Amino acid sequence: MKGFVNTIAIALCCAAASQAVGGLPDKCVDPCYPMRYGFMARQAVNAAMAPQVLNGHVLDQTVWNYYFEPGTDKLTTGGLERLAYLARRRPCPDPVLYLQTAQDLVYDQLAPELLAQNRQILDGRRIAAVQAYLTAQTAGRPVPFQVVIHDPSEPSLASSAANNIMSQNYFRFMGGNFTMGGMSGMGMGGMGMGGTSMGGMGGMSGGMGGMSGGMGMGMGMGMGGMGMGTGSTGGGNVTGR
């Protein structure tokens, strides 16, 4: 009896303590846990990423030397298209553009001081050419564009890597049903067969046939789950058990 009373007393003390902790004022506990610390963590990650985003945007807003004919202020066709793109951004264009200082001038070793002088003159002419085209492009919806000169290195990527990225990107627009159908049929045939290559061939043919809609070939998809891989090879049926 004495032990039972002690157990009851301990349980009551624990319950009272838990109620007291739950009723502590906010200065003793954090009522916003863990949301407060999750927000702080997101802010820290975004703050570290913000300079990278800004640098990328500045480079995207840059009018490079190759948008002009070498050594002149005449915009090329590509330069005109790029400025038109920047002027038509949604929801609104960024009015601050950046012009790469002229690096396409010929350096004369006998008169090195002329390089800085000619560069300054050409930069001013190119700014005027950019602003003139943007004014004409945004007629009726004027935007106070400002062109700032800077001198960054041109971002680049190896052509083979860029080709690989773009080819894979465009390939995804073809959809994945055909590829997944073939893989599914081959996998079902492989599970249904008893380790023979004929069943794998039948499963793969059935998987591909299920997508093309041929008679009898669609059975490879339906019967693959039951351990059959049936497909058509054009001359007859190949069955794997």
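Author: Helices (H or I, at least four residues) and strands (E, at least two) are DSSP runs, numbered from the N terminus. On that basis, leucine 157 falls in the loop between strand S3 (146–150) and helix H5 (159–172). The model is predicted, so local features need pLDDT of at least 70 and side-chain atom pairs count only at pLDDT 80 or more, while totals for chains, interfaces and linings use all residues. Residues are numbered from 1 along each chain as its sequence is written, and side-chain values use heavy atoms, without hydrogens and water.

Reader: Why is leucine 157 called exposed?

Author: Buried means under 20% relative accessible area, exposed over 50%, and partly exposed in between (1.4 Å probe, protein chains only). Leucine 157 has 58% relative accessibility, and therefore counts as exposed.

Reader: What makes Leu157, Ile165, Met166, Tyr170 and Phe173 a patch?

Author: A patch takes residues with over 30% relative accessible area and no salt bridge, joining like charges within 9 Å and nonpolar side chains (Val, Leu, Ile, Met, Phe, Trp, Tyr) within 5 Å. These five form a nonpolar patch on the surface, with about 600 Å² of accessible area together, the areas coming from the Shrake-Rupley method with a 1.4 Å probe and only the protein chains shown as cover for residues.

Reader: How do you know whether arginine 126 is buried or exposed?

Author: Arginine 126, in helix H4 (residues 113–137), has 0% relative accessibility and therefore counts as buried.

Reader: What makes the meeting of arginine 126 and aspartate 104 a salt bridge?

Author: The term requires a side-chain nitrogen of Lys or Arg within 4 Å of a carboxyl oxygen of Asp or Glu. Here the N to O value is 2.8 Å, and the pair qualifies. The two residues link distant parts of the chain, 22 residues apart, with aspartate 104 in the loop between S2 and H4. Aspartate 104 is partly exposed because its relative accessibility is 23%.

Reader: Which other pairs qualify, and how many salt bridges are there in the whole structure?

Author: The search finds four. One of them joins glutamate 69 and lysine 74, with the closest N and O atoms 3.9 Å apart. Another joins arginine 89 and aspartate 60 at 2.1 Å, N to O; arginine 89 is in the loop between H3 and S2, aspartate 60 is in helix H2, and 29 residues separate them. Asp60, Arg82 and Arg89 are linked in a network of salt bridges.

Reader: Why is aspartate 60 called partly exposed?

Author: Its relative accessibility is 28%, and aspartate 60 therefore counts as partly exposed. By contrast, helix H3 (residues 77–87) has buried residues, among them Gly79, Arg82 and Leu83. The buried residues of H3 pack against helix H2 (35–60), S1, S2 and H4.

Reader: What makes S1 and strand S2 (residues 96–100) a pair?

Author: Two strands pair if DSSP finds at least two bridges between them. Two bridges join S1 to S2, and the strands run parallel. Valine 63 stands opposite leucine 99 in S2.

Reader: Why are strand S1 (62–63) and S3 said to stand at the edges?

Author: The open sheet has three strands in the order S1-S2-S3, with parallel pairing. S1 and S3 each have a single partner strand, so one side of each is left without a neighbour in the sheet.

Key
Contact = heavy atoms within 4.5 Å.
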